[in-house]
Structures are given as structure tokens and as C-alpha cells.
Amino acid sequence: MQTHPRGGGIHGAEAVAEAILYEGYLLYPYRRSSGKNRVRWQFGVLVPPAWADAHGLGDSTVAGSAESPWQQTECLMEVPDTAVVRIRVRFLHLQRRVAEERTADGGYRPVDSRDAGSRVELSFDEAVPQEFDLEASVADLRRGRRLDIRVPGGEDVDQLVDDRGEPAGRVVRRRWPLSASVTISAVPCQAPFRLLRLRIHVENTDRTTPAASPRDEALRCCLLATHTLASVSQGRFLSLLDPPEWAAHAAKECRNVHTFPVLAGEVGTADVLLSSPIILYDHPQIAPESPGDLHDATEIDEILSLRTLTLTDAEKREVRDTDPRAAAILDRVDAMPPEVFARLHGAVRSLEPVRRDGGTATSPRWWEPGADAGIAPESDTVLVGGTLLSRGSRVRLRPRKRGTDAHDMFLEGRTGRVEQVLLDVDGSRFLAVTVDDDPGAELHQWYGRLRHFRAEEVEPLAGEVEAP
């Protein structure tokens, strides 16, 4: 096993991998004082094994938000023994930034913040990206390979001066050594055609962190936002989300722990894989309208950008002092031209028609008032439990337990009013609803931001009811 140069098939998936690397690094309002930025590093955190044992971290589910000393990827590939598998393991290495003031005896002591004239230096945790590239032939992987990773610690010191050029203290950035191992193997699967199961096991092997350490100290020797990219020079990976029928049994036998692999790169290709602690669909992409990272890839760029503009001058100063990546977000949003904001509001991906059942008619993937006389959300109806529902109908909300928006679970049992009956491109009916006692209901109605439920997620109610 040896290192290989950057590039190749993996390069096409790096944009999404970068978003994974910094997902949750800082969250709006991007200030150190914000509660949500005081408990950080939520995904792909590989902790020292002794610390994991002491804190009962023995979970082996796929959930990437659970801290663990290891993560494991298992995926399927159709490749000859001569094929080369290239693997890139990526993670963040915590870097503790500490502001220090000068003492009377000429030494230094740590402080929460240090005023350096036009800028205030805050003590805050940063991170340094790390990646390790490996390659091996499939024949070698069938015998198994192991690579030990060592990341040295380090310290960088920047002297501070005030606006008059006088010494004002210093900023010290410290990193602690990391150690980890990557074990890779490929074994045959029971299938009617040649098929191999690739396993990538990444483990924190640190032995220096005391088991009783608080989390803030243990994080110094953790791998953060750990994920893996893989590519093959010949053959292909198979999707675990939608495997061919002949490989379905083998796909079910794949055991993924704290990470999950999906096909990456361009749609239609299958030579690149991304195994992420945040579960994705096959061929994830960064929206081309997105002007830059906001460290919250599950949120809407437009909303986050507009919220960022509402920060006060004092809050913006703290954002700039918190972290260079936060300052870059603020600079980008402040300078964003109107035409870029307009693109963030929405995009048409395709106007290509699709056939309805029977193949005798078509409906557009994208709909606007008047574009199709057969679609009228304001007057369409749907039959639920023997009751015909339409705009103005009263319903009680019963969100599904699985496969729904987590926020919808807070609406269980609430009542609401149907505003629209919508038709999806696959022929499914959805109800757009405003929730009773929602103080923003009128605003939502005006702006068109409604809550959407499937027909089986609501119960019809007769007449007006008192909201719980």
C-alpha cells in the first residue's frame, strides 16, 4: 500500500466531501457566544478507545452523530484482481487557539479575549484538515492491508500589537498528536456474478488521553468529521441504496457503522464512492447556485444569508473575531449582489415532461399557475378516510414515524387548515397545511411557505375545532 498523488476519480467528489468536512463547524449566527457554537463537533467523531469505554460509547449503529472509537464502511464492487483501489481518509484535527496577555514578570497567561486595537482576539477552537491517500490492487486487498496514521502535534505563536504598535499579548495555536489505523480488505460475496465486499475500518488508536478526561480535553486527540473517498481504476461500485436484484442479498449483509457509502461523482458513473457520517443519496452535489459554504448543508442558503444580514454591527464584530471562516461568510454575504440572491430563491432543474400512468398524457416536472389547466392546487381535492378534502378543510396531523421531517414530529396531534392540494410528478397527492395557533400562519399563507403532508398523515375533521 502506498500514497498516491491527488486527482483521479476521487477529485470529482471533493466538493461534497469538503461540505461534509465542515458541516456544523460553525452554525448561524456564527458567534462564539451562541449556545449552539459552544457544543461542537457532532459528526464523524472518532474518540480515544479508553475514553469511549469509560463513557459507555459502544454504539454500533449507522448513525454518524454518535461518538465512537471507530467507523466502518462496507460496500460492493465488481472489479478484476488487477484493478487498483484508491482511498482517501479525511478528517479535522482540533487546533486550540488561546489568547494570552503579558504578565508583569515578562511571561504570559491565557485569557478569554485580548484587545489588539482594531481587533479582539478570542480564545476558540479551530481545526486543521488532514487527509491520507492510499492505493492497493484488489489482489493485495484480498490479503488485507493496514496503515498506521500518525499526525504530529505542534504550536504556532503570533505576537499581538495594538494600533500604536505596542505589544498587546499573543495568540497561541496548539495541536496535540493524533494516532489512528486504517484497515482495508476485500472478500468475495455469495452472488451469481463476481462480486467483492470492500471493508474500510478507521480507528482512533490514541493511548494518551485519560479515560476520566472531560470531552473538551478528549477532543484534542479525536478525529473529527471523519469520512472516506474511494475509487477504482477498473470496474464499478454498486449502490447500496438501489442495488441490482442479483446483489440485493449481498447489499443487506454490508455492515456500516457510523458512516454510510453512496455513489459519488457525476450521475451515470460508478467508479467513485463517498462514505459519510451524514447519510446522503447517491451522487450528491453542491447546488451550482450556492456561492459558498455556510457550514450547514441541510439548511437553505437564502434563509441563512438573509439571517446573516440581520446581525447587528456588534454581532458582526464578534463573528469576525470568532473565526476566519465565519468572517469569510460575513464578507461574502455582505458583498452578495442582488442577482446572486435571486438565484438562491429557487431553480428549475428540468422542464422535461414525464408520462402519467397509462402513457396517454404528460405533466410537467415544474408547475406554475396557468402552466397546466389540469392542476389547480387551490381547488383540487383528495379522498381521505371517506372524506373529500380541499382548501379550507380541517385536519388533525399524524406525521409518519419514519421517513419524514424530524420537525414534523412536534406537530403530532395538532390541528390545521388545508391551503392547497398538490400533485407530485409520480401522481402522489400532498396537502399544504397551516397549523392552528401558529402566530406566523398569515405570513406563511402570503409567502407560500406551508407545511406539507401526505394524505395518510392527516385525519379529516368536521367543522371548526378547538386547537389543543
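Reader: What is the order of the strands in the open sheet of five strands with S7 in it?

Author: Please keep in mind that this is a predicted model. The order of that open sheet is S7-S10-S11-S1-S13, and the pairing is antiparallel.

Reader: Which strands stand at the edges there?

Author: Strand S7 (145-151) and strand S13 (236-238) do. Each has a single partner strand, so one side of each is left without a neighbour in the sheet.

Reader: What holds paired strands together in general?

Author: Strands of a sheet pair through backbone hydrogen bonds, and the pairing is either parallel or antiparallel.

Reader: How many bridges are there between S7 and S10?

Author: S7 and strand S10 (residues 178-188) pair over seven bridges, in the antiparallel sense. To find a spot on the screen, look for Arg145, which stands opposite Ile184 in S10.

Reader: And what is the average twist of this sheet?

Author: From one strand to the next, the twist averages 30°.

Reader: Which strands make up the open sheet that includes S22?

Author: That open sheet has five strands in the order S23-S22-S21-S20-S24, with antiparallel pairing. Its edge strands are strand S23 (451-454) and strand S24 (458-461), each of which pairs on one side only. Ignoring direction, neighbouring strands of this sheet are turned by 50° against each other on average.

Reader: Which residue stands opposite Arg396?

Author: Glu459 in S24 stands opposite Arg396. Strand S20 (residues 394-397) and S24 pair over four bridges in the antiparallel sense.

Reader: Let us turn to helices. At what angle do H7 and H8 pack?

Author: Helix H7 (residues 313-322) and helix H8 (residues 324-334) pack at an angle of about 135°, and their axes are 6 Å apart. That makes H7 oblique to H8.

Reader: What lines the largest cavity?

Author: The lining includes Ile20, Leu21, Trp41, Phe43, Leu92 and Leu224. Helix H1 (14-21) and strand S12 (224-232) each supply at least two residues. By class, the lining has nine nonpolar, two polar and one charged residues.

Reader: You mentioned Trp41. What is its phi?

Author: Trp41 has a positive phi of about 60°, although it is not a glycine. Trp41 lies in the loop between H1 and H2.

Reader: Where is Pro29?

Author: Pro29 lies in the loop between H1 and helix H2 (49-54). A cis peptide bond joins Tyr28 and Pro29, with omega at about 10°.

Reader: Back to the second largest cavity, please. Which element gives the most to its lining?

Author: S22 does, with three residues. Strand S22 (429-435) and helix H10 (441-447) each supply at least two residues of that lining. Among the lining residues are Val433, Val435, Ala441, His444 and Arg451. The classes are four nonpolar, two polar and three charged residues.

Reader: Last topic: how much space lies in the largest pocket?

Author: About 1,300 Å³ of space lies in the largest pocket. Of the 37 residues that line this pocket, Ala287, Ala297, Glu299, Ile300 and Asp301 are the closest to its centre. The elements that give two or more residues to the lining are H1, helix H6 (301-309) and helix H9 (338-344).

Reader: Which element gives the most there?

Author: H1 gives the most to the lining of the largest pocket, with five residues. By class, that lining has 17 nonpolar, eight polar and 12 charged residues.

How values were computed:
Residues are numbered from 1 along each chain as its sequence is written. This is a predicted model: local features need pLDDT of at least 70, side-chain atom pairs count only at pLDDT 80 or more; totals for chains, interfaces and linings use all residues. Side-chain values use heavy atoms; hydrogens and water are left out. Axes are lines fitted to C-alpha atoms, for helices over the stretch in contact, and angles run from 0 to 180 degrees between N-to-C directions. Angles under 35 degrees count as roughly parallel, over 145 as roughly antiparallel, 65 to 115 as roughly perpendicular and the rest as oblique. Two strands pair if DSSP finds at least two bridges between them. On a 1 Å grid over the protein atoms alone, a cavity is a set of points where a 1.4 Å probe fits but cannot get out, and a pocket is an open set with protein on both sides within 12 Å along at least five of seven lines; lining residues have an atom within 4 Å of a point. Ala, Val, Leu, Ile, Met, Phe, Trp, Tyr, Cys and Pro count as nonpolar, Asp, Glu, Lys and Arg as charged, and the others, Gly among them, as polar. Grid points are joined across faces, edges and corners, and a volume is the space filled by probe spheres set on the points.
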